[in-house]
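Subject: Structure for you to look at

Hello,

Here is the structure I promised to pass on. Please open it alongside this email and follow along.

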Amino acid sequence: MARITLDHLAHAYRPDPQGPQDYALKEINHVWTQGGAYALLGPSGCGKTTLLNIISGLVRPTRGRILFDDRDVTDLPTEARNIAQVFQFPVVYDTMSVRENLAFPLKNRHVPRDRTAARVEEIARLLDLSSVLDRKASNLTADMKQKISLGRGLVRPDVAAILFDEPLTVIDPHLKWQLRSTLKEIHRALDITMIYVTHDQTEALTFADRVVVMHDGAVVQTGTPDELFERPAHTFVGHFIGSPGMNVLPCRVEGATAFVENNAIALKQAYPGLPQNQRIELGIRPEFLQLQPKGTGVPVHVRRIDDIGRARIARVDLAGRAIAASVPEGVLIAGDEASIAFDARHIHIYADGHLVPGQPTGAHV
Amino acid sequence: MIKIVNNKAWFLVLPVFAVVAFSVVLPLMTVVNYSVQDSFGNNQFFWNGVGWFQDLLDPSKELGGRFFDSLWRNLLFSGIILAIEIPLGIAIALAMPREGWSVALSLVLMALPLLIPWNVVGTIWQVFARSDIGLLGWAVNNLGIDYNYTGHTLDAWITLVVMDVWHWTSLVALLCYAGLKSIPDAYYQAARIDGASRWAVFRTIQLPKMRRVLLIAVLLRFMDSFMIYTEPFVLTGGGPGNATTFLSIDLVKLALGQFDLGKAAAMSLVYNLIILAVCWVFYTVMTSADAKAERVEA
């Protein structure tokens, strides 16, 4: 059981990193609390697997330290850390039975045989593997094999954290849900820290209590799924999470009004002292942008309306920029011309991609 | 839907059939024809039935005696070189670099012996091991060891085995290397997390994953060494005495040296059957291993 602290951690794969472009993982300070369910979300190549491998000890970081509680484990080899990892492709030892697979980590650590046997039975029951314990591990389906790799982690009684590296990639879609709920159950039952790497926002948001979003080797936001949705700290988060993602429009802000081209949009807050030489953008999720017949609101040109099941999403042009807006039930649009209404409470202002906190208009005026 | 039965496609097989008939079936039948007859030159042949085969398979007869002698010699040779080349090849493959410029270098170096023609290999070692002018033979003799591969049976065998190991271990190593390269990194990482020792990694990951290529390596090396001709012919000529007369050398001596076509034909047929049988065993083992692997995929 441990709290995992990343202290000024950074990693470059080349031995002589010069500038920030050489770092696969830019400086990170983060604390994973004991027992949390975390997701590490980001597109391929953003450094999430590197971070995972540093925590498990497969990669030694170029700079910084990793602490388990208050113990510095930066230089400890993988097998000396109480960490387990489940990989993208199921890893089972082909020549062994399921039972031998599960017992393997304990056997390597010279745990007495009777204790091993009892522990293997226990974990097998937890993972629903009891019925296949004596079968060859190589003859099982991918989801079973993934459970075995997970079981090899759980079987060690001292394991503080389990790291998952896109574990559902090769699992059939209808089994993904099942396996994910098994993971959640185990998380609840065992009080183990779980860190789950994925590029799939649905997986991340349904699995984790807290999601760490990574982009280009850096953590851009850490928060609950709600926070990521409501207040994206970076335009990347807004865009990456949500489907469709957040609309981002270049704008100019004067007092509590934003101007997109020449369309004035009222804001809830004022943004005095926005940096002059940075890119100022307005971000709003399609959910808070409603299409309505033209007349009121900001005029747009409707390109098409997609029915995505639970809602209808309009693809519209606002001053030549493609954005997405939601279509409230009962709204019918005649022709191509319409307008959109902005929900001012959900408008965010970004400077060079980063969220700018506003000031209540009252205080400003 | 009506399925039209049309056997015209069989005609497309005819050219292949004709080629195989001329290149394999007819020559083989000629050999079968020789094997049941005796000839005294002058193109006169006499019917001998299964006589040669009876002689051949009876170790107390002159023909059977020499056949079994060279057969055991050959099996011993194959056994020795397999026992050396397979473990050595695995060890070399494990030690070869996985990435960087040294991969290409080591691959080229490993492939070099494989590119040298058999008779050249024989000639190289014949000169190399000579005690008067050969670097190896001269050096060994100067160390005070009486080494002479043309005179001593043991020396001839050692030279042959070392030559074969030098020539062919690369093949085993390259095959194993290919097998090792196909193991995803995750296996090694999982093993590290599971706290597996180096030996456990070899036993539980590398060896099982190399199983297929190892089977192929054993098959290739067994077949090649069981049919070896050129190198011992050039190096020792089958001597000293008959000490390194393997089956193929014996066969050539019998057929072209003594011109005993009947005996030689019978011997080559039995030789052929042994090779076919070994092939069949390997084929069965490999396909059953594959079938097992396929069941796993499904």
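How many helices and strands does chain B have? Chain B has 12 helices and two strands. Keep in mind that this is a predicted model.

**Chain B**

Read along the sequence, the pattern of chain B is α-β-β-α-α-α-α-α-α-α-α-α-α-α. Chain B is more spread out than a compact globule, because its radius of gyration is 24 Å, well over the 19 Å that the globule rule gives for 298 residues. The C-alpha trace of chain B spans about 85 × 75 × 35 Å along its principal axes. Of its 298 residues, 27% count as buried. Now take the contacts in chain B between residues at least 6 apart in sequence: 67% of them join residues at least 24 apart.

**The open sheet in chain A**

Strands of a sheet pair through backbone hydrogen bonds, either parallel or antiparallel. In chain A, four strands form an open sheet in the order β2-β1-β4-β5, and the pairing is antiparallel. Its edge strands are β2 (25-32) and β5 (71-72) of chain A, each of which pairs on one side only. Strand β4 (residues 63-68) of chain A joins β5(A) over two bridges. There, A:Leu67 stands opposite A:Asp72. Helix α1 (residues 48-56) of chain A packs on this sheet. The helix touches β1 (4-11), β2 and β4 of chain A, and its direction makes about 125 degrees with that of β1(A).

**A parallel pair in chain A**

Next, find strand β6 (residues 83-86) of chain A. β6(A) pairs with strand β7 (residues 161-165) of chain A in the parallel sense, over four bridges. The bridge partner of A:Ile83 in β7(A) is A:Ala161.

Are the residues of β6(A) buried or exposed? A:Ile83 and A:Gln85 on one side are buried, and so are A:Ala84 and A:Val86 on the other. Both faces of β6(A) are covered.

**The nonpolar cores**

In soluble globular proteins, nonpolar side chains tend to be buried together. Here the largest nonpolar core has 78 residues. A:Ala39, A:Leu40, A:Ile195 and A:Tyr196 touch the most other members. Helix α2 (residues 98-108) of chain A gives the largest share of this core, five residues. Leaving out residues up to four places away in sequence, A:Tyr196 touches A:Tyr38, A:Ala39, A:Leu40, A:Phe164, A:Phe207 and A:Ala208. Another core, of 27 residues, lies apart from the largest one. Among its members are A:Leu267, A:Leu282, A:Leu289 and A:Ala324.

Best wishes

Technical notes:
Residues are numbered from 1 along each chain as its sequence is written. Chains are lettered from A and ligands numbered from 1 in the order in which they are written. This is a predicted model: local features need pLDDT of at least 70, side-chain atom pairs count only at pLDDT 80 or more; totals for chains, interfaces and linings use all residues. A residue is buried if 20 or more other C-beta atoms lie within 10 Å of its own, exposed if 12 or fewer, and partly exposed in between; C-beta atoms are placed from the backbone. Two strands pair if DSSP finds at least two bridges between them. The radius of gyration is taken over C-alpha atoms; the globule rule is 2.2 Å times the number of residues to the power 0.38. Two residues are in contact if their C-beta atoms, placed from the backbone, lie within 7 Å. Axes are lines fitted to C-alpha atoms, for helices over the stretch in contact, and angles run from 0 to 180 degrees between N-to-C directions. A nonpolar core is a set of buried Ala, Val, Leu, Ile, Met, Phe, Trp, Tyr and Cys residues joined through C-beta atoms within 7 Å.
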